[in-house]
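Subject: Structure handover and notes

Dear colleague,

I am passing on the structure for you to look through alongside the notes that follow. Please read them with the coordinates open.

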Amino acid sequence: MKSHASGLRRSRLRQFFRVALRFWSGQSRLRAWGLTLAVLLFVAAQLGAAVGINSWNRLFFDALEKRDLDKIWTAVGWLPLIVAASAASLSCLVISRMLLQMRWREWLTHRLAGWWIADQRYYRMQFVVPDQSAPEYRIAEDVRLSIEPLVEFAIGLLSAFVTAVTFAAILWQVAGAAHFTLGGTAIVIPSYMALAAIVYALVASLAAYFAGRPLVPRIAAKNEAEAQFRAEMTRLRENAESIALIKGDADERDSVGENYGRVVAAWLKVIRQQGVIAIVLNTNGALFPIVPLLLIAPKYLSGEITLGAVMQVVAAFSAVQAALIWFVDNFVRLAEWFASVRRVDELAEALEALDVGTIMEGETQIELGESEDGGIHIADLSIAHSNGRIVIADASIVIAAGEKVLVAGESGSGKSTLIRAIAGLWPWGAGSIKLPPGKRIAFVPQKPYLPIGTLRDVLLYPEAESRVDDDTVRDALKRCGLASLGQRLDEKERWDQTLSGGERQRIAFARLLIQKPDIIIMDEATSALDEASQDSLLGLIESELSYATIISVGHRPGLEDFHERKITFEKREAGAHLTTKRLTRSLWRLFRRREAANDSSAA
């Protein structure tokens, strides 16, 4: 496994760029190239301003050495123009750079988020690649950390290259050659200042590379530990009530402490390596301004060059050196950037693996089709886990239009998996599922999803833009036992946290009354309700949506009286076996159900 990971590491950058660079070739190419050209233009303008400041240094210090007041004032007169040009070009460069960063990140975020959300990949990923932690964090944060520094690095590298070439030419022209005698032999080193800058930068870069090479995996490990810690805290918040009820505080505190301990351990490794790199960087920082002065001093003392030339050479040497040791100055940021790039590419790789895994199943994939008679046809259906283990074996069922079917069986026998397969969320297996075309299907899970928004948005979800009058919505709430919420339709709250489990299930039934689907598939949809409330709501659905086909997963008492047929899952080693039988309704249950439905209508 380790060798496989190390093999992938070499291709992470290539795979990341394969996806990210499509920003310049797709529909966004005009915007991408426009922003890129603007950045290049202002990089050139900034370099021109830097050359102007370098030339101004020589002009000013030569005039200062000669005590030539006229030339001093001439130099001072040029200074505001040079400073204004430098400030304007730098400001424009910052703006164009930030626009490029923002638009590129926007494009990549939309691509990855759309890829993750489309075709329920966000759901199936937990089964295919369960070790892919916090994909939402990778999209929200790691995309930013992989794009924003990358633009800065590209601009920095380009500026460094052009700066090095430009100011090396200045060193070549101004500093000239070094002449000295060694053992009676005259030695001449042409453009010795430029050569010295290159050698110095090479030594400093190699030192930084070997000192910082272990930092990349350590930062990646630190980011992974941070992500796991955030996920642990999110899990704690989402399950706060359950944990509080069973008084699991001590265990959760120990778990959080253990998770944060891994974060601390990862940080300590990063800190130790940062300390080694700091020695290299601080040594370079101390030598940086001294080396050019020591190298040019003999020429000045011998009278070969002026003070202005000394200042120009020192500034040019510093510019060349700064350009050539760009890698040294940015090594830590490069390591952090690569760690984020790797996490983004891991997500893209997981999404690709999910798509390829589904495609490669070929003939063994569950076939989804359309029925011709309005019923639901399940033929020769075998459902497997993503690891290949069979859950349901060779099931064939026909559910006629308008039929009410109860699905029961012991835990783990595959009831909920069948629901997922009907919904198209579970492709692993064989056989076929055919649904009637053009029919509205509503899935009612045990914990209904309530989006953030107004109560009206919650009740109309996922068709929040549909036009439904307030009286219809309030009537549905009233008949489902939520009349008190009828005056709060325009209130925006976290309804998933405000409402109890039973109220959330009542909201799901109110949605059914409002949206009036043709097929209703329920998975333990009344588990949080008492039996009387269950009878009332199911009786309401039976009377108001009598035309609807209903598939209901559940095991609570009384459910059989609301269904015409019962399918029982018998758990076996080779996969669950299904048996079916017709249900008879007791007169007492029938009377009680009608009474509950009448009470609900009158409420």
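In which sense, left-handed or right-handed, does helix 2 pass helix 3? The crossing is left-handed, a term used where the near helix is turned anticlockwise from the far one by less than a right angle. Before the rest, please note that this is a predicted model, in which local features need pLDDT of at least 70 and side-chain atom pairs count only at pLDDT 80 or more, while totals for chains, interfaces and linings use all residues. Residues are numbered from 1 along each chain as its sequence is written, and side-chain values use heavy atoms, with hydrogens and water left out.

The helix pair

Helix 2 (residues 29–66) and helix 3 (residues 69–117) pack at an angle of about 160°, with their axes 8 Å apart; axes are lines fitted to C-alpha atoms, for helices over the stretch in contact, and angles run from 0 to 180 degrees between N-to-C directions. The two helices are therefore roughly antiparallel to each other (angles over 145 degrees). The residues of their contact divide into 26 nonpolar, 6 polar and 5 charged, where Ala, Val, Leu, Ile, Met, Phe, Trp, Tyr, Cys and Pro count as nonpolar, Asp, Glu, Lys and Arg as charged, and the others, Gly among them, as polar. Helices (H or I, at least four residues) and strands (E, at least two) are DSSP runs, numbered from the N terminus.

Serine 340

Serine 340 belongs to helix 13 (residues 331–360) and is buried, with a relative accessible area of 1% (buried means under 20%, with a 1.4 Å probe and protein chains only). Leaving aside residues up to four places away in sequence, Serine 340 touches Asp142, Leu145, Ser146 and Asn223, contact meaning heavy atoms within 4.5 Å.

An open sheet of 6 strands has the order 8-11-12-6-13-14, with mixed pairing; two strands pair if DSSP finds at least two bridges between them. Strand 8 (441–444) and strand 14 (577–582) stand at the edges, each with a single partner strand, so one side of each is left without a neighbour in the sheet. Strand 8 runs parallel to strand 11 and is joined to it by 4 bridges, with valine 444 having methionine 522 of strand 11 as its bridge partner. Strand 11 (residues 519–523) in turn pairs with strand 12 (residues 549–553) in the parallel sense over 5 bridges, and there methionine 522 stands opposite serine 552.

Best regards

Methods: Buried < 20%, exposed > 50% of the residue type's maximum accessible area, 1.4 Å probe, protein only. Parallel < 35°, antiparallel > 145°, perpendicular 65-115°, else oblique.
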